[in-house]
Amino acid sequence: MPWGDWQFWAATAAALVGLWFVARPFLPGKRSGDCGACGPKPRPRRTELTIGDTGVTSEGARGPGQGPPGS
């Protein structure tokens, strides 16, 4: 190994930097809410859970066999 050669150290440093860029997506790390490449985290949807017909106001939410609203 040419320990005293500056070109050896320059090529080794370039190889290590290249390896770091290639391996970086596979390494675990600290992730923030908005990391730029992955975009912002989606907000959780808040839904009301209903049992039967209580609290349902949209027409598409009626079950089969139920007539039009108001009947």
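This is a predicted model: local features need pLDDT of at least 70, side-chain atom pairs count only at pLDDT 80 or more; totals for chains, interfaces and linings use all residues.
Residues are numbered from 1 along each chain as its sequence is written, and side-chain values use heavy atoms, with hydrogens and water left out.

Next I checked burial, and of the 71 residues 3% count as buried (buried means under 20% relative accessible area, exposed over 50%, partly exposed in between, with a 1.4 Å probe and protein chains only).

I then turned to the aromatic rings and found 4 aromatic pairs, counting rings of Phe, Tyr and Trp (its six-membered ring) whose centres lie within 6.5 Å, with planes under 30 degrees apart called stacked, over 60 edge-to-face and the rest tilted. Tryptophan 3 and phenylalanine 8 have ring centres 5.8 Å apart and planes at 80°, so I wrote this pair down as edge-to-face. Tryptophan 3 also pairs with tryptophan 9 in a tilted arrangement, 5.8 Å centre to centre with 40° between the planes, and ring pairs link Trp3, Phe8 and Trp9 into a cluster. Tryptophan 3 counts as exposed at 55% relative accessibility, whereas tryptophan 9, at 43%, counts as partly exposed.

Last I looked at tryptophan 20, which lies in helix α1 (residues 6-23) and is partly exposed at 44% relative accessibility. Arginine 24 lies over the face of tryptophan 20, 5.0 Å from the ring centre (the rule asks for NZ of Lys or CZ of Arg within 6 Å of the ring centre and within 35 degrees of the ring normal).

Note on methods
Helices (H or I, at least four residues) and strands (E, at least two) are DSSP runs, numbered from the N terminus.
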